Protein chains: 2
Amino acid sequence: MNYPNGKRASKKMNVSKHRSKPNFSNRGMSLEEDINVTNEYYLNAGIAVVHKKPTPVQIVNVDYPKRSAAVIKEAYFKQASTTDFNGVYRGKHIDFEAKETRNKTSFPLSNVHQHQIDHMKAVHDHGGICFMIIKFAPLDEVYLLPSPQLFHYWDDQMGGGRKSIPYHQVQLEGVRIPFHYQARVDYAKALDKLYF
Amino acid sequence: MNYPNGKRASKKMNVSKHRSKPNFSNRGMSLEEDINVTNEYYLNAGIAVVHKKPTPVQIVNVDYPKRSAAVIKEAYFKQASTTDFNGVYRGKHIDFEAKETRNKTSFPLSNVHQHQIDHMKAVHDHGGICFMIIKFAPLDEVYLLPSPQLFHYWDDQMGGGRKSIPYHQVQLEGVRIPFHYQARVDYAKALDKLYF
C-alpha cells in the first residue's frame, strides 16, 4: 500500500492507490487527488454529488482510552467489491474507477480487477453510467473511457486477446478530459458529450 | 464504537453503528445486517446494485511484515460525509441511511446528523432518490421515510420545533417495509410504491 515500512504518516494523509507510484504530472497531484478536488468543486458549484468511497478496512482490535478518541490498534486492508467513485449527475447514477499508467503507448489491463468489471457490468445493466478515467502520466493526458468499450477489451483479454488497450484506441473510443483550473479532471463535460 | 474495550474481535466482524445497541429484534440481526443481506440478495437476483460504504478510517501507521499482509497499527474513526448506503435501482440513483430506535412512540432526531441531511438534500436536488429506513426495534417494525418528509421534521426542529418524529407520523408519511425471508428489509418494494 502507501506507507513506508513502519513509518508514521502525517495525520492528513489519505490512503491512495496512486500515492505509491511516482507522480509524473507537472500538476504535482495524483489523479485521485485531482478527482477529489474536482468532486469538491462539483459539490460546491451544484454540478454533481460524487464521493470517493473510503478504503475498506477490516478492524480487529480497538482501544478506548478514557477521555480520548478510540484508537484502532489492529486492522487489515480488505479488497473493495465496487469501484472507487460514485454519485449522481444530472439525475443519473454514475460510477467509475480512476487509473494512472506510466505507459505512453497503451493502458495495461493489469490495472483493472475482475471485481471492478463485475461491479461496472451490474451497474451498467441497471441503467447507471459507468466509465474509467485513464491518465497517461508521461503524456499528462486524461481520458474517459465508457464501460462498454472497457468491457470489450476486458472480455477480449479473457479470451486470449491483448493485455492492454492501445493508446490510440483510448484516443479514438474515449473522450479527452482537458485540465481545468477548478475542475482539474472535468469529467462532467465529457459525460455531457457522451450521454446528455 | 462497536468493540468492547481493548478486546480482540472476530475477524469476520464488521464495523456497525448498530452493533453497539442491544438488539430487540426477534430476527437476531441488526437493521444494518438485515440490509446488507437484502442488498446481497438484490445483487444476485438482478434487482438492484446497492452497497454499504466502508467506515471511513484515518490511517496513521502501517506495518509491512515480510511475506505477509500489511497491518494497520494506528488508525482513527473519521466522520462520514455521506449516508451509509447508495447504489442504482431501476435506473435511478438511490441513497439512504438506516437507523434503529428503542423508542416505541417516536423517532428521535438525535439519531440523524446535519452532514447526512446536507448530503441527502444535495442528492435529492440532483435527482437522486433519498430516504431513511427507520426501525422501531421494540415493535419490530421497519419504515421507509422519503427524504422530503425527513427534511420537513429536521428543518422544523432547527427552527425550535419538536426533536423527534411521532411514530404515527412515520406510519402516515412513510411506507411500511414488511419482513421478507430473502429480502429481509425489502425496501425496493416500498420504492416501487412511491416512485415507479
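Helices are taken here as DSSP runs of H or I with at least four residues, and strands as runs of E with at least two, numbered from the N terminus. The structure described is a predicted model. In these terms, the secondary structure of chain A amounts to 5 helices and 10 strands. Chain A has 196 residues, of which 56% are buried. Its accessible surface is about 8,900 Å², and carbon and sulfur atoms contribute 50% of that area. Among the contacts in chain A with a separation of 6 or more, 63% are between residues 24 or more positions apart.

One residue of helix 1 illustrates how separate parts of the sequence are brought together. Helix 1 of chain A covers residues 31-44 and includes A:E32. A:E32 has a relative accessibility of 3% and therefore counts as buried, the cut-off for this class being under 20%. In sequence, A:E32 is 153 residues from A:V185, whereas the C-alpha atoms of the two residues are 9.5 Å apart in space.

Helix 5 of chain A comprises residues 187-195. Its buried residues are A:Y187, A:A188, A:A190 and A:L191. When the helix is viewed down its axis, these buried residues fall within an arc of 155°, so they line one face of helix 5. An α-helix has 3.6 residues a turn, so residues three or four places apart point the same way.

Together with A:Y195 and A:F196, A:L194 forms a nonpolar patch on the surface. The accessible area of the three residues together is about 250 Å².

Salt bridges also involve helix 5. Over all chains, the structure contains 12 salt bridges. In one of these, the side chains of A:R90 and A:D192 meet with an N to O distance of 2.8 Å. The two partners are 102 residues apart and link distant parts of chain A. A:R90 is in the loop between strand 4 (85-89) and strand 5 (92-101), while A:D192 is in helix 5.

A second salt bridge joins the side chains of A:D186 and A:K189, with an N to O distance of 3.0 Å. A:D186 counts as buried because its relative accessibility is 8%, whereas A:K189 is partly exposed at 48%. A further salt bridge connects A:K99 with A:E97, and here the closest N and O atoms are 3.7 Å apart. Both A:K99 and A:E97 are buried.

A:E97 is also one of the positions annotated in the sequence record. An unreviewed UniProt entry places the feature "binding site" at A:T82, A:D84, A:E97 and A:Q116. These positions span 35 residues in sequence, yet no two of their C-alpha atoms are more than 9.1 Å apart, so they gather at one spot. Of the annotated residues, A:T82 is located in the loop between strand 3 (71-77) and strand 4 of chain A. A:T82 has a relative accessibility of 6% and so counts as buried. Leaving aside residues up to four places away in sequence, A:T82 touches A:K53, A:E97, A:H115, A:Q116, A:H119 and B:H51.

Backbone geometry was examined for two loop residues. Most residues other than glycine have a negative phi. A:D140, although not a glycine, has a positive phi of about 55°. A:D140 is in the loop between strand 7 (129-136) and strand 8 (141-146) of chain A. In chain B, B:R67 likewise has a positive phi, with a value near 60°, and is a residue other than glycine. B:R67 is placed in the loop between strand 2 (57-63) and strand 3 (71-77) of chain B. At a relative accessibility of 86%, B:R67 counts as exposed.

Key: Residues are numbered from 1 along each chain as its sequence is written. Chains are lettered from A and ligands numbered from 1 in the order in which they are written. This is a predicted model: local features need pLDDT of at least 70, side-chain atom pairs count only at pLDDT 80 or more; totals for chains, interfaces and linings use all residues. Side-chain values use heavy atoms; hydrogens and water are left out. Patches are made of residues with over 30% relative accessible area and no salt bridge: like charges are joined within 9 Å, nonpolar side chains (Val, Leu, Ile, Met, Phe, Trp, Tyr) within 5 Å. Accessible areas come from the Shrake-Rupley method with a 1.4 Å probe; for residues, only the protein chains shown count as cover. A salt bridge is a side-chain nitrogen of Lys or Arg within 4 Å of a carboxyl oxygen of Asp or Glu. Buried means under 20% relative accessible area, exposed over 50%, partly exposed in between (1.4 Å probe, protein chains only). The arc is that of the directions from the helix axis to the C-beta atoms. UniProt positions are given in the numbering used here, feature names are shortened, and annotations may be inferred rather than shown by experiment. Contact means heavy atoms within 4.5 Å.
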